[in-house]
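Here is a short report on charged side chains that pair up. Keep the sequence and the 3D view at hand as you read.

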Number of protein chains: 2
Amino acid sequence: MHPQPRLRNILGLSCALLLLFGSLFAASDINKKNTPDYRSLARQLLERGLSEQCTYRILARITSTGPRLAGSSGAAAAVKLTREIMQELGFEAIHLEPTEVPHWVRGPEARARLVSSQLGSTPLSIAAIGGSVPTPDSGLSARVLEVDTFAELKARADEARGRIVFFNRPMDPSNLDTFSAYGAAADQRVQGAVEAARFGAKAVLVRSLTMRLDDYPHTGMMRYDPNTPRIPAACVSTKGAELLHNTLEQDPGAQVFMSFQCRQMPPVMSDNVVGQLTGTDKPQEIILLGGHLDCWDLSHGAHDDGAGCAQALAALRLLKTLGLTPKRTIRAVMFMNEEFGGTGGIDYAAAPKRSGEKHLAALESDWGGFLPLRLGIGLPPKEYERFLRWEPLFRSVGLQGLSRGGGGVDIGPLGAQGTILCGLITDSQRYFDVHHSAKDVLETVHPRELELGTIAMALFAYLVAEEGI
Amino acid sequence: MHPQPRLRNILGLSCALLLLFGSLFAASDINKKNTPDYRSLARQLLERGLSEQCTYRILARITSTGPRLAGSSGAAAAVKLTREIMQELGFEAIHLEPTEVPHWVRGPEARARLVSSQLGSTPLSIAAIGGSVPTPDSGLSARVLEVDTFAELKARADEARGRIVFFNRPMDPSNLDTFSAYGAAADQRVQGAVEAARFGAKAVLVRSLTMRLDDYPHTGMMRYDPNTPRIPAACVSTKGAELLHNTLEQDPGAQVFMSFQCRQMPPVMSDNVVGQLTGTDKPQEIILLGGHLDCWDLSHGAHDDGAGCAQALAALRLLKTLGLTPKRTIRAVMFMNEEFGGTGGIDYAAAPKRSGEKHLAALESDWGGFLPLRLGIGLPPKEYERFLRWEPLFRSVGLQGLSRGGGGVDIGPLGAQGTILCGLITDSQRYFDVHHSAKDVLETVHPRELELGTIAMALFAYLVAEEGI
């Protein structure tokens, strides 16, 4: 008597079981190669995807292995798990491809205090920046030089010696594009230690790269330089940065104590995880969907980039559920080590297995599992114009349209082989609330927004697999 | 030494202070009427809006008055508060316009239990539907008839007598458009009691209108019919609905007990709150921006529709901050009682003050304070085509584009006067997670997403005020 048992009971089933169940009823008309009905395909992908919301359940499993920093046991567990998921979902040619990754260990939680004549001693929330050397075992204390830019640091070089240099330039909130605001502020985190060490600084503290005012430090990558001393570097929460700024205005002699015992260990071997739906007609021509499996160690990397990995897996599953057998190969790749040097992407493109393969297009989802707005297609103008004939299909599954350009760190190296690089462009307004911080957890991902990305990726992959590019 | 003190210190200032501060530095070139530079206007609205994020602070004040159900003391407090905010922000012609509203009182929290031979007695999370009659003081107990549609109810009419009819048709998750999915399921809540009473049912329980599986009941409006008995009606959380469904499959004799002591009181007088930036050239020609001030009583109505009210207020403030003096009047209206009959919108359109006024366009924001995707413009095709020349401006402030059609419950009655009805179309994927439930609180609103709506509304209002429509 209940007309919609599927909608209701489905939530208790695993994605693999759903796939079995779904295949029995798969709509076969899409697969009649002579008369592809892509509008019907798009509708079925949308309805099936949104009904089952399998991407979220896959993401829940990926984030269950804990933080997945490249080189960590969590990353190794995620390699094992995503390989198993590919097996459960019936992917073909499942294998691991080795890549060497750094092995940096954060150690016990960092501690910091602001000591001023006014406030006494107040805790600051900090986190070592990825790749930093540790402080001395007993920590370090110093007066603080606050600057906003490297130019300002240079102008005040004589004040830097023996100090902690505090880079406090916020992400520009007036910038509509939060990625661009991030890019304009990230130099402080990436290069700050080198610039400060040049002038004899003892350590650096960097304002966390988020527009939210909260007490979560955001980590990320940094660089050292062979010509300057390696000094410890940490990010301070935006609330901590405000407190420090205000305190220094009143009490320029205020000191900061900080202590963290991170360690750079010898590199270790890890893996990209690869699986596919092998093409029936041109198996050597490949459409790649990917995300990166590693994440920063302060959280579970739900948006960055568990979401992209789950979407790539779920997109192939969704096509399989509908009984589709693509002419060209559609491959999912979980890249290892985007965050700490991008070795996974480099090694994937250079692997011996690539000879004899032609990657027509690669699409990376690494802008978080938020509402997808557009698909960025890295075609030259003329070819892009032709590709626009598919735009109504993408609109029908919730995208606002297509746009030119696209790509990602991991698929970038394939560009040299003539692969068309593409990316899923999402609503970026909330991304840096969680990015590289303890807040990047499953609960901040919305199942429907996430799924809409999967659906668009599946549609893209199947279209290119059938029609070429 | 600090190049961006504004960005940092601004957070501590009130919006009214910011307005004063901002006006001193207002860009004046936009206001040179002979050469309007709308691209520059759009950029300044964007940068100022996102830097100050005043909308969120206004929303925080609106939601601080507690629930604002029409007729309640919270609604009266919100009328007083938003009038004060208009005064602080220096709006002109601030006044209240009376409207009679129903006065329904929920009473103490509803209680319900599911009693089955298997589970014993288990609590269910329910909330009376707005306008429902109460249960008897001691509650009521009955066996349950579960149906999905009125057709199914009719077919099983002989089973309904003396029972609680349980309408359990979920919102269809496969529907991309959650508003459409809501519309397709809302008949159960609005009309369910009438349909069930027709066949002698004792009461109705309705599955909450959300796609989330959680324990929050969602309320809303319902109707009675003069020809059928008025039976009590409540919504049950989706988790409760699942439990009830599964229990009834095993134990068709299971009973539900429910008790709620809501009361319909005599109608009371309330008000729409009106303020404006009076036009310099054609003050009687009006561009209206509005939202509804009332909300359901289970929460603070942050998205529905505190967001729309805060955006209308902040849009006028933003224009004022930039020193703009529009040719035509730009008016903000906080409509009262959208949720319980729409009397505020009806009375606004019919008020004596409307004679001599011509409302060119009215834009209602009532789709939640989520990422704005499009502005819906209710122009006929030809005029809409002409209006599209402004689309690049709207894209420059973050919209994905314009679309045809638009409107809202409160501005609807203005349509008969030839007013062009418009609406802000937001990402709807998360709306029904919170809609009409205890979850619709400030913390679920993102300051930047909210502000982008304000910016688009301000741009729209100023363009029409300068150029006509």
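What follows is a look at salt bridges in a predicted model.

The structure holds 40 salt bridges over all chains. A salt bridge here is a side-chain nitrogen of Lys or Arg within 4 Å of a carboxyl oxygen of Asp or Glu. Three of them are listed below.

| Asp297(A) | Arg106(A) | 2.6 Å |

Take the pair Asp297(A) and Arg106(A), joined by a salt bridge. The two residues lie 191 residues apart, so the pair links distant parts of the chain. Asp297(A) sits in the loop between strand S11 and helix H10 of chain A, and Arg106(A) in the loop between strands S1 and S2. Helices (H or I, at least four residues) and strands (E, at least two) are DSSP runs, numbered from the N terminus. Asp297(A) is buried at 18% relative accessibility, and Arg106(A) is buried at 13%. Buried means under 20% relative accessible area, with a 1.4 Å probe and protein chains only.

In chain B, Glu97(B) in strand S1 pairs with Arg354(B), 257 residues apart. Each has 5% relative accessibility, Glu97(B) and Arg354(B).

Residues are numbered from 1 along each chain, and chains are lettered from A, in the order written. Local features need pLDDT of at least 70, side-chain atom pairs 80 or more, and side-chain values use heavy atoms, without hydrogens and water.

Note on methods. Buried < 20%, exposed > 50% of the residue type's maximum accessible area, 1.4 Å probe, protein only.
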